[in-house]
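Reader: I am new to reading protein models. Could you take me through this one, step by step?

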Amino acid sequence: MSTPDLTARDPNLHVLNTHGLTTHDLNGRAPGKGTPAAPGAPAPRRRGRPAGGGRPRAVSRAYRAELHKLRRPGTAIAMGALAALSTLSTVLSFALADDGPPTFDDPTSLLPPLPALATPAGLVLGFRAGSTFTGMLLLVLCAAMVATEYGQGTIRVIFMREPRRVSWLAGRMAAVTGLLAVALVGAFLLSAATAILMAQIRGVDTGQWWTAAAMRQVGKDYLNVLVATTFFAIAGTALGLLIRSTTTAVLVGVVWTFPLEHIIQNAWLDATSWLPGLVFTDIATGGNAVSGYRGPLLLGIGYAVAFAVAGATSLARRDVTA
Amino acid sequence: MTQRAETPTGHAAGTASLPPPYPLPTATGTRAGPAPAGPAPAGPPAIDVRGLSKRYGRRTVVNDLDLRIPVGAVAGFIGPNGAGKTTTLRMLLGLVRPTTGQGTVLGHPLTDPAGYLPRTGALIENPALYPRLSARRNLEALTILAGRDPAWVDAVLDEVGLAERADDEARSYSLGMKQRLAIAAALLGDPDLLILDEPTNGLDPMGIRLMRDLIRGLAARDGRRRTVLVSSHLLAEVEQICDWIIVVDRGELAYQGPPERLLSAGAPRVTLRPEHARDVGRLADLAAGLGLAVERDGDQLVGLLDPPPAPSADGPDGPAEPMWAALAGLNRAAHAHGITLVEIAPGRVTLEERYTGLVAAAADGARRTGDAS
């Protein structure tokens, strides 16, 4: 008599675990996986409960869950767009640079002259100039992402799992900021590589690019761009939370940051020192000739806090009817 | 021709009087009342909320609703469109802030959803998913967010029959599959309380059957007393699987308690068939004379026996003396008039009929109140 093949899977042989859910068949295989589970593999723990975990743990879980969701092609496309904008900005900085006096220390000048590109800041000038566009891109993306949670109804599924709404928002913003920091590193590296290539094409002397002063400038500019784009991201998220409609949030974000602020700026020169989009841009470019750096930074922090409070209050207080 | 007889009290067939409130233990003890049918109310209710209201401006969506659902019950939540069912469920889930009301869910205050939501699974309205994530990754994100064992993902995917397509993007799913995925999300972590809002929406007949079996199975598995609150328009489904019924209309409670109690309250249904179809009219007159509300339905009479028999101590299926007495009286009268009855068939009123009666009665009441004011 032959020995029965105990490894042959009989789809009808299912056992219920102690929780009643079919998790492993009699052959020890986890359903849907096709691979045998280890003998005596534990059933899912019923009490992996978040209750009582407190807000820090809720923030941590939200952070990890958001990162898990962001592992998708759309995120890579957004990061690629951000890098492409930086690269494009670098290409234009070199291609359109003329032989004027070095005005690299005047960040209000969008494109630097050729001599400025040969200074220690030359490596990052294109990246810095592109931060205006990356910030606006972030604002629109964040507004759309949050508003889409309402549009798709996924916000209610989230809050049924994590009712501490502000903790969830904090975790989400931490995930977005973390990813943004990584994306900006990638954008910077690509922009730097482009700058080296363009410097050769335009015959720019890169001798000062690799000094200690230049490296400090790189670190400073990266942080400025990170802070500014984070503020843009906070503003965009608040916009999405307040408006809750993807189309309207994106429209308001685009109209405000692109034409509206610049129309106001044309009519009122001091607008650069006060309007949030322009203030965030000033931070990214290291300040301006009128207000310096400290003024825009403090005002930018104030705007970011105000946006964060408005968004969090809306999130916490308003009914979820999505 | 349809003949319709009404009782001297004017009680129209199909309308129902409400049974007395069903007794449930409260934090301060058990209220007195008749012996309960349905789930045994041991311990505090799974859901015990009082005076729940939600107003948007001047519009009242839910008005002073008291809900008491015993632990272990499979409760059907029914009512017409716009009756306030979904708003009520959203309030229980902490998504919508009640205008007034207090109480507990799974022993935690309604004002502290963080206390009870970790033990609650829910599906509200249409399935909400990330379309570009696979089913598995949708569930993994929720598992991480809730701090649960990742092994639940495979378990629930298998439970709803989606294991084979777990790695496909959710946007490629049919409506029924999306609904099943949303139910899988609700099942993550083996909740003590499951709240399902129209869970059979978009499901094919096999999916509906799977859902019915799932709900039945959940309540009965491994000796645990899970509570299921399911809102549905499919009254036949509710009647089959629920041992607790809540009827709301215009945001107000019309009935809550075991279905047997609702079905046995009011008049039971009876079918009468004479030997000759020509006798149907005369038989209807005799029935009307005896106070029986009947309608002609082809060559037979169908109606409700009124006044309603008292609920039997042996339960809804036990003998109900007044009903038999009324039927015996009609049989004797028919025989005396030369009519031979070949069928006297008492039967249960369906939930649909009783529900229709309740809603119609509530509408009448609302209309009268409006007229009076």
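Reader: How many helices and strands are there in chain B?
Author: This is a predicted model, and the elements are counted along the chain. Chain B has 11 helices and 16 strands.

Reader: What is the mean pLDDT of chain B?
Author: pLDDT is the predictor's confidence in each residue, from 0 to 100. In chain B, 80% of the residues reach 70 or more. The mean pLDDT of chain B is 81.

Reader: What ipTM does the predictor give the complex?
Author: Two scores are given for the complex. The pTM is 0.77. The ipTM is 0.78.

Reader: What share of the contacts in chain B with a separation of 6 or more comes from residues 24 or more positions apart?
Author: Start with burial: of the 373 residues of chain B, 50% count as buried. Then take the contacts with a separation of 6 or more. Residues 24 or more positions apart account for 71% of them.

Reader: Which strands are the edges of the open sheet of 6 strands in chain B?
Author: The order is β8-β9-β10-β5-β11-β12 in chain B, with mixed pairing. An edge strand pairs on one side only. Here the edges are β8 (120–123) and β12 (252–257) of chain B.

Reader: By how many degrees are neighbouring strands of this sheet turned against each other on average?
Author: Direction is ignored for this angle. The average is 10 degrees.

Reader: Which residue of β10(B) is the bridge partner of L194(B)?
Author: Strand β9 (residues 193–197) of chain B runs parallel to β10(B), and 5 bridges join them. One of the pairs involves L194(B). Its partner in β10(B) is V228(B).

Reader: Which helix packs on this sheet?
Author: Look for the helix touching β5 (74–78), β9 and β10 of chain B. Its direction makes about 155 degrees with that of β10(B). It is α6 (residues 205–220) of chain B.

Reader: Why does L229(B) count as buried?
Author: L229(B) sits in strand β10 (residues 227–231) of chain B. Beyond four places in sequence, L229(B) touches I47(B), I69(B), A75(B), F77(B) and I195(B). A residue is buried if 20 or more other C-beta atoms lie within 10 Å of its own. L229(B) counts as buried because its C-beta neighbours inside 10 Å number 26.

Reader: What separates the C-alpha atoms of L229(B) and T271(B)?
Author: Along the chain, the two residues are 42 residues apart.

Reader: In what order do the strands of the open sheet of 4 strands in chain B come?
Author: The pairing is antiparallel. The edge strands are β4 (59–69) and β7 (108–109) of chain B. The order in chain B is β4-β3-β6-β7.

Reader: Which residue of β4(B) stands opposite Y56(B)?
Author: Strand β3 (residues 47–56) of chain B runs antiparallel to β4(B), with 7 bridges between them. Y56(B) faces a residue of β4(B). That residue is R59(B).

Reader: Which residue in the turn between β6(B) and β7(B) has a positive phi?
Author: The two strands pair in the antiparallel sense over 2 bridges. They form a hairpin with 2 residues between them. The phi in question is about 50 degrees, and the residue is L106(B).

Reader: Which helix lies across β3, β4 and β6 of chain B?
Author: It runs at about 120 degrees to β3(B). The helix is α1 (residues 85–92) of chain B.

Reader: Which element gives the largest share of the side of domain 1 of chain B that touches domain 2 of chain B?
Author: Chain B is divided into domain 1 (25–263) and domain 2 (267–369). The contact takes 15 residues from domain 1 and 13 residues from domain 2 of chain B. The largest share on the domain 1 side is 4 residues, and it comes from α8(B).

Technical notes:
Residues numbered from 1 in each chain as written. Chains lettered and ligands numbered in written order. Predicted model: local features only at pLDDT ≥ 70, side-chain atom pairs only at ≥ 80, totals over all residues. Buried ≥ 20, exposed ≤ 12 C-beta atoms within 10 Å, placed from the backbone. Contact = placed C-beta atoms within 7 Å. Pairing = 2+ DSSP bridges. Axes fitted to C-alpha atoms, helices over the stretch in contact; angles between N-to-C directions. Domains from an automatic or database assignment.
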